[in-house]
Amino acid sequence: MNSISSDRIHPLISMEQGQNYWLNGCMAFLMECVEETAEYDYWFFSGITGDSFLQVYSKQPDNMALCYSHIMTDSAVQKAFDACGYDFDYYKVTPEKRPEFDQRIREYIDRNIPVIACLDDAFHSFAIICGYDMSNFYFLTGEETTPKSYRYDQLIFIKNKKEKPRLADAYKNAVMSIPSLLNTSETEQYSFGKKAFMDWAHSFQSNLFANYPLNDKVWYTHDDPEFSCWNMHGAYLCMLGTNNCAAGFLQKALELNPELTFIEQLIPLYNMQCGKGFADLIEMEGGFRLRPEVIQDKEKMKPICDKIIAIGKYCDDILAIFEDIDEPFSI
């Protein structure tokens, strides 16, 4: 098998550390392989892409939303490569173009440069293509340490270096973009920010899930049968808890840009929303092991609904801090 250097192979993320957004792990891995600064790590990209600052929600239970970069990939990828100073090509692959893309992947691997891909699977997970043989391409995914064969449906190729912002400016730009993220207009399929929290909560007091049989596969997306209701609750619970890392990004941004004193007010709000809020929900009706029959019981779900609404209202407090800024900080 032809592959990038074996000493570069390592897990893309660490779920134990709260690293659940795979694009950010792929970007950090790619930066290592092109020998960029260690500052371009998972935590850097989690804030740069906007993943850490935004709750998203899918209005269709059979079409999950894992994070901002999962559903708004074009925007997230552009932000990531702009912040580290590289051009890139991003393709949604069509069958007639696959042979051409296959050859380009091989050429990148032969140059010891991995390719970021989305897998052609239920989750459309981000992964790193790191090797190939006569029959297959081999991918690193999540916390795996051994590349495995999969099929891709999207590809991201890094290209030439371009002018990049100073690290301090990259952090400042990400922070100053928070209001536009929280105010992202909803679509027919997705909602964002406070509206995402409201839609998540109100889904439990509507009839959205009433007609799904308890043995419907939509309730069970993971191998563990006790790990249920991911599309309805678990994905959004995971997103909320993962975004507790926003506080760390904000602290780093403040260290690099001490004039952004308003960040001191943002940090406790994200800690309350994504830290305490997540912990409170974990303690309610099973957390990640919420049962389908409970979700269909509006009375049992009412306390969860109320808690999600309360957590979502922190979005208003976050936006209010930006509205109160006296000195304009350009991005």
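Reader: What volume does the largest pocket have?
Author: About 720 Å³. Keep in mind that this is a predicted model.

Reader: Which residues are closest to its centre?
Author: Met 15, Trp 22, Phe 123, Ser 125 and His 222. They are among the 28 residues that line the largest pocket.

Reader: And how does the lining divide into nonpolar, polar and charged?
Author: The lining of the largest pocket has 15 nonpolar residues, nine polar and four charged.

Reader: Which elements give two or more residues to that lining?
Author: Helix H1 (22–33), helix H3 (68–71) and H9. The largest share comes from H9, with four residues.

Reader: Let's stay on H9. What does it span between its end C-alpha atoms?
Author: Only 15 Å, for residues 230–242. A straight helix of 13 residues would span 18 Å.

Reader: Why call H9 largely enclosed by the rest of the structure?
Author: Because 13 of its 13 residues are buried. Buried here means under 20% relative accessible area.

Reader: New topic. How many residues are in the largest nonpolar core?
Author: 113. Tyr 152, Leu 155 and Val 175 have the most contacts inside that core.

Reader: What is Leu 155 in contact with, leaving aside neighbours within four places in sequence?
Author: Its partners include Tyr 90, Tyr 91, Phe 101, Ile 105, Val 115 and Ile 129. Asp 89 is also one of them.

Key
Residues are numbered from 1 along each chain as its sequence is written. This is a predicted model: local features need pLDDT of at least 70, side-chain atom pairs count only at pLDDT 80 or more; totals for chains, interfaces and linings use all residues. Side-chain values use heavy atoms; hydrogens and water are left out. The expected span of a helix is 1.5 Å times one less than its number of residues. Buried means under 20% relative accessible area, exposed over 50%, partly exposed in between (1.4 Å probe, protein chains only). A nonpolar core is a set of buried Ala, Val, Leu, Ile, Met, Phe, Trp, Tyr and Cys residues joined through side-chain atoms within 4.5 Å. Contact means heavy atoms within 4.5 Å. On a 1 Å grid over the protein atoms alone, a cavity is a set of points where a 1.4 Å probe fits but cannot get out, and a pocket is an open set with protein on both sides within 12 Å along at least five of seven lines; lining residues have an atom within 4 Å of a point. Grid points are joined across faces, edges and corners, and a volume is the space filled by probe spheres set on the points. Ala, Val, Leu, Ile, Met, Phe, Trp, Tyr, Cys and Pro count as nonpolar, Asp, Glu, Lys and Arg as charged, and the others, Gly among them, as polar.
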